[in-house]
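Subject: Structure handover

Hello,

The structure is below, and my notes on it follow. Please read them with the model open beside you.

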Amino acid sequence: MKFKYLLSLISLLPFLVSAQSADKHGYYKDVFMDSGVKLYDRKHLIAADSLGLELEVFLATKNDRNDTLMQHRCFVGWEQDRNGALLYPDGAPRFRVLYVNGGLAGSHGRSLGEDGREAIRKYVAAGGSYLGTCAGAFMASSGYYNDDNIYRKNNNYLGIWPGRVRDTYLQDKYFTMYMDEDCPLLKYNDFGGDRKVEGIYHLNGPHAALQPQDSVPAGTMPLLRVDYDTIPPVGPSIDNAVLCWAYKSSDQAGTVISMSSHPEDITTGERLHLMEAFLLYAMDNTGTPQIKGNLVPGQVREMNRSTEDGEPLFTGIGDRQYHHFTVDVPRRTKKVVVTLEGYEGADNFDLSLAALEGDFAFHNAAAKVNADPGCNKSLVLKKPAAGKLYISVFCETTVTSTFGENGFEYSGRTDVLNGVPYKIKVEVKE
């Protein structure tokens, strides 16, 4: 039985990020949306459509055992895709952003199981960004304070933001929220010049516990605060409370954005622009690319390990993924020759080679590219500058997506999902 996903119907509006996302960043697609068990069964993300981003969705409509099984296959993996949809065979993020819908945070986390939750943690740690609204914000945290102000760790949460949240105890309200002067979202929109967004729907979402006694995790950045004067004084005061915040644990990790309320269903105006800004900020702040290794002239490097081997520096490449290498070029080098070779029986994939002096060799910036069909090819650089030369391998081959019960069903070149093995060799001629 083939695994099924849902890809939203993408608008055809031209947008540079979409057109170059795979080449520039080395991800399969831009956004994966979790509409899974006990979450809103949202099929489309309006802000992704308006930005022209490529979106895939896991959708649970019945919340039954079959949905739970399909969800496990999605996040944890199965025979066709042993590392799950979020991750490449080497554990790198396959999507730039994971968006988690509102709903029931604890119930959804429980339905993922520890393996599913751990897959999301690995995704963020490896560089994929996370955006969660309402339940998605709860789930990103490590736990919450209950009615008696006692902290409760929730093992069904992800802990990808290692801080704590408090319930607002406010339902069916519309908030005005404002940004501090240094808010990074202002890079994407000035929001009318007043740094405010009005009419954001709120349904029992959390706010960040950011008092000194709460041990605020380093790397936490407030994004939006609530103007409590805009709502009736019901429940505890949350005036100026942080209802949206971002967190990044390291340069290698992705960014976690937690949003208490719901701007995701709005089709026009500043609330739509806010959701767009979340996605753009998350995509701009994924983890830095990783180097597989420094190639030794004259030695063949075999990239033939699988997910189960636990050797990511030698694991095969996934669909639309980059593998990055370096080589040290001595002074007065006349020529550098890079050779790529596929394995017998696994050489019917399209892998490309690229090179650039001093920086990652993404195709749109590389000095030399060989994108001829097939695996076997070479790249020649004459009189390269002394120093660090970056080499990249890019997998052009990818799956075919067609609509199915739980979303898009992968077919065609599904063998790429478990990794394409190859050999790479560099020769330096002085």
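Helices (H or I, at least four residues) and strands (E, at least two) are DSSP runs, numbered from the N terminus. This is a predicted model, in which local features need pLDDT of at least 70 and side-chain atom pairs count only at pLDDT 80 or more, while totals for chains, interfaces and linings use all residues. Residues are numbered from 1 along each chain as its sequence is written, and side-chain values use heavy atoms, with hydrogens and water left out.

Overall figures

The chain has six helices and 24 strands. Of its 430 residues, 56% count as buried (under 20% relative accessible area; exposed is over 50% and partly exposed in between; 1.4 Å probe, protein chains only). Taking contacts (heavy atoms within 4.5 Å) between residues at least 6 apart in sequence, 74% join residues at least 24 apart. The accessible surface is about 17,700 Å², and 48% of that belongs to carbon and sulfur atoms (Shrake-Rupley method with a 1.4 Å probe; for residues, only the protein chains shown count as cover).

Helix H4

Helix H4 covers residues 105-125 and spans only 21 Å between its end C-alpha atoms, whereas a straight helix of 21 residues would span 30 Å at 1.5 Å a residue (the expected span is 1.5 Å times one less than the number of residues). H4 has a kink of about 105° centred on Gly 113; the bend at a residue is the angle between axes fitted to the seven residues ending there and the seven starting there. The buried residues of H4 include His 108, Leu 112, Arg 117, Ile 120 and Tyr 123. Among the elements that the buried residues of H4 pack against are strand S1 (29-35), helix H3 (65-75) and strand S13 (256-259). Just after H4, Gly 127 has a positive phi of about 125°.

The four-stranded sheet

An open sheet with mixed pairing is formed by four strands in the order S6-S5-S7-S10; two strands pair if DSSP finds at least two bridges between them. S6 (151-153) and S10 (206-208) are the edge strands, each with a single partner strand, so one side of each has no neighbour in the sheet. From one strand to the next the twist averages 35° (axes are lines fitted to C-alpha atoms, for helices over the stretch in contact, and angles run from 0 to 180 degrees between N-to-C directions). S7 (residues 164-167) is antiparallel to S10, with three bridges between them, and Arg 166 sits opposite His 207 of S10.

Strand S21

S21 (residues 387-395) is mostly covered, with seven of its nine residues buried. S16 (residues 322-329) runs antiparallel to S21 and is joined to it by eight bridges; Thr 326 has Tyr 390 in S21 as its bridge partner. S18 (residues 351-357) also pairs with S21 in the antiparallel sense, over seven bridges, and there Leu 353 is opposite Val 393.

Loop residues

Asn 304 is in the loop between strand S15 (300-303) and S16, and is partly exposed at 31% relative accessibility. Apart from neighbours within four places in sequence, Asn 304 contacts Phe 314, Tyr 343 and Pro 421.

Lys 38 lies between S1 and helix H2 (46-51) and is partly exposed, with a relative accessible area of 40%. Asn 204 lies between strand S9 (196-203) and S10 and is partly exposed at 25%.

Regards
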